[in-house]
Each structure stands twice: as C-alpha cells, then as structure tokens.
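Open the model in your viewer and keep the selection tool at hand.

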Amino acid sequence: MHIKGLAIWPFTSQKSSLMALEIEDLPVESLSSSGPKLCVKNFVWSENEWPTMNYDDFSDGDDIPTISLEGNMSEKPCQDYDKVCQEMVTACEKWGFFKLVDHGVAVETVENLKVQLNGLFDLPMDQKLKGARSTTLPLGYCASNPEYGQNLPWAEILQLLQSPQHVVAFARKVFGDQHQHQPFSNAMVEYMHALDKLGRRIFEMLAHGMGLPHDFFTKNFEEKEATMIRVNRYPPCPLPEKCLGVGSHSDPHTLTILLQDDVGGLQVLKGDDDQWIGIRPVPNSFVINVGDTLEAWSNGRLRSVVHRAVVNKEKQRLSVAYFLSPTSSTIIECPPQLLDYSSSNPRKYVSFSWGDFRKELLGQKRVVGKTALNRYLIPL
C-alpha cells in the first residue's frame, strides 16, 4: 500500500482501521523527489510541536483585523486615509497581522496565478525536478525540505526571486524553451508586479501612520534583488495531528503579503496569552504580516509574530507568500522619531544591513520561532 499523488485520504473502511504506527510506515510519493521514498513517519514532528487545533478551527470573536483600502490605492487617497493608516499601524502593534480587502489587485490576476501554480504542482515529479532548487540557494522547486533531516514540512514548495528573468528561466526548464512556458511566466510576472505596487502602498501607509515621511520605507525597495515569492501546496495528510505544513516561525523579511485559498490552515500565536488563533480565509483578500526586519526598523512597535501552517486529511491547500525585502545595502535602524531614551522605549536592536542579515539566514537555513531576529537584540 502506498500514498500516491494527492489521493491519500479518505481511506476505504478497511484501510481506515490501520493503526497510527502502520499509517506512519506508508510511503508518500507526492513528497518524495529522489532517492529512497519518504514515509509518513519522516514527516512526524516533535511531540511538543503537534497542533492541538484543526485547520478549520476559527473563532470570529478572536481573529485578526480586516482593513479595506477602498479609495486609497489611487494617487489621491480618500478623506479617511489618516484613519486607515492608523488602523493599519494599530493592527501591526497588537497582532502583527491583518486581512486586506479592496486592495486593487484584479481578481483575474489572482485566479490565473492559482490555475498556473496548481498546474505546475500537478505535473509529474520528474518534470518538476527540472526546475529543482540548487544545493546552495533555496530557489526553485522542491518536495518538502528533506535536507532538514527531521520535522519535515508536509508541502511541495516553489521559491523564486521577484525577477522576470528568474521566473522565465525557471519556467523554461520545466515547461520548455518555446511558448509552453509563457502562460506560467506571464501569470507570475503579472502577479508580482501587482503585489509590488500593493506592498509599496502598505509601506507608505505604515510610515504615515507612525509619523514618518511617506517614502521612509519605499525608497529602500527600488531594487528587487531579495524580494521573493514562496508557494506552498499542502497535499491532504493522513496524520495531521502529528504533522505540519510549516512549523512555528516568524518571517525574517520586511513584510509578507500572503494569498491563501479557501481552505484554512494558517494559525497565528496571539501574544497576550500564547494561544494559537486560526485565521479564517476571506474571499479576494490578502493576509499581511510584519517581518522581523520591520519589527527592528520600528524598534518593536510593529510586531513580527510567530505563525504556522497546519494540514488536514481531506483537502489540499495552496498558499502564496510574497516577501518584500530592501536592497542589500539598506541599514535597518530605528529612526529617532520612534525612540524615547528617557522612558521605556530605548533602542532595542543594534543596526544591521539587510545583506548581512540575509547571509546569516542562508547559513541558518531554517528559522524556528523568533530565533532569526534575536541575534540583534541589545541586552538589557
């Protein structure tokens, strides 16, 4: 018996009687790229990481805020611009996350991207591996992250730079040099351009809401050398109570714009009581979250919060994270306007360049919890 592709659940009545240990011995073809086939037990996480909430556990009274950008995506924003900017800052102070609606990204752009990404993941493994990531840089396709050795994510992963040239080069490897790659390439590039515009507006609004010049952040994002997109597709999992799509971590980049489908799975660690909160998907929305770099840039005022992705038995899930990062030479240093040396808000982080931080991340390979940013904390 084996698990092939995505058709791994529900089992027949006879198969459903298998004990958990027998399930753990089943091979998982859809997440085995080369060499020996991985089994479910390779994806079982340490017991302290096992999720206690299901993928569709939501509490309407305890969810991240929803913010509308209606009328505020044009050159001349609406009269409520100041109010919306402050709501955005408040959400980032309390939650580090918010849902964004009326964001100006065309539905057609989003839906076309989903179609092309699912088409990529549906390809035979040997064809996807033509665009496999290298051993030195985490760019390209991979089935899970077998190099981690343990606590493997239950996900297929695609990671590309925000670069039309890089996207096209990857697509040509997978789809061919002729016109076959164009539907995928065009969809990715169009989506990236739309999210770059949206990200710039969010940065402007956060700066305005904190009393900083509107271009305080955006002037550092003219080049796209480190901005990237990461796509995870999570197959149905026969043992979701012991596996994770992505473990608990904070994003080291500056800002994340997350697209998710209508299948739940994103969970955020609420700081007040260290409780996991399930984020209910909202149609035609994005989830925005603060990255470690932005937390340091704002001296901790905007919070980079630990989150994870859980999986389920019945449904595959698609998520697309767009990570905005500044140019490598950008110095991440909190502006004096946000500091108060005479009270409880002195400088919390030493200054660092994004380029140096990125090198540290490449060496670390795996971010667990808030371990990435902690290296820059100033001891009390």
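In what order do the 4 strands of the open sheet run? The order is E6-E11-E8-E9, and the pairing is antiparallel. This is a predicted model, in which local features need pLDDT of at least 70, side-chain atom pairs count only at pLDDT 80 or more, and totals for chains, interfaces and linings use all residues. Residues are numbered from 1 along each chain as its sequence is written, and side-chain values use heavy atoms, without hydrogens and water.

Select 246-249 and 275-278 next: these are the edge strands E6 and E9, each of which pairs on one side only. Strands here are DSSP runs (E, at least two residues), helices likewise (H or I, at least four), numbered from the N terminus; two strands pair if DSSP finds at least two bridges between them. His249 has His307 in E11 as its bridge partner.

Now move to the helices. Select 164-175 for H5 and 182-209 for H6; they pack at about 155 degrees with axes 9 Å apart (axes are lines fitted to C-alpha atoms over the stretch in contact, and angles run from 0 to 180 degrees between N-to-C directions). H5 is therefore roughly antiparallel to H6, a term for angles over 145 degrees.

Last, select Ala296, Ile332, Glu333, Cys334, Arg347, Tyr349, Val350 and Ser351, which line the second largest cavity. A cavity is a set of points on a 1 Å grid over the protein atoms alone where a 1.4 Å probe fits but cannot get out, and lining residues have an atom within 4 Å of a point.

Definitions and conventions: 1 Å grid on protein atoms, 1.4 Å probe; cavity = no way out; pocket = protein on both sides within 12 Å on 5 of 7 lines; lining within 4 Å. Parallel < 35°, antiparallel > 145°, perpendicular 65-115°, else oblique.
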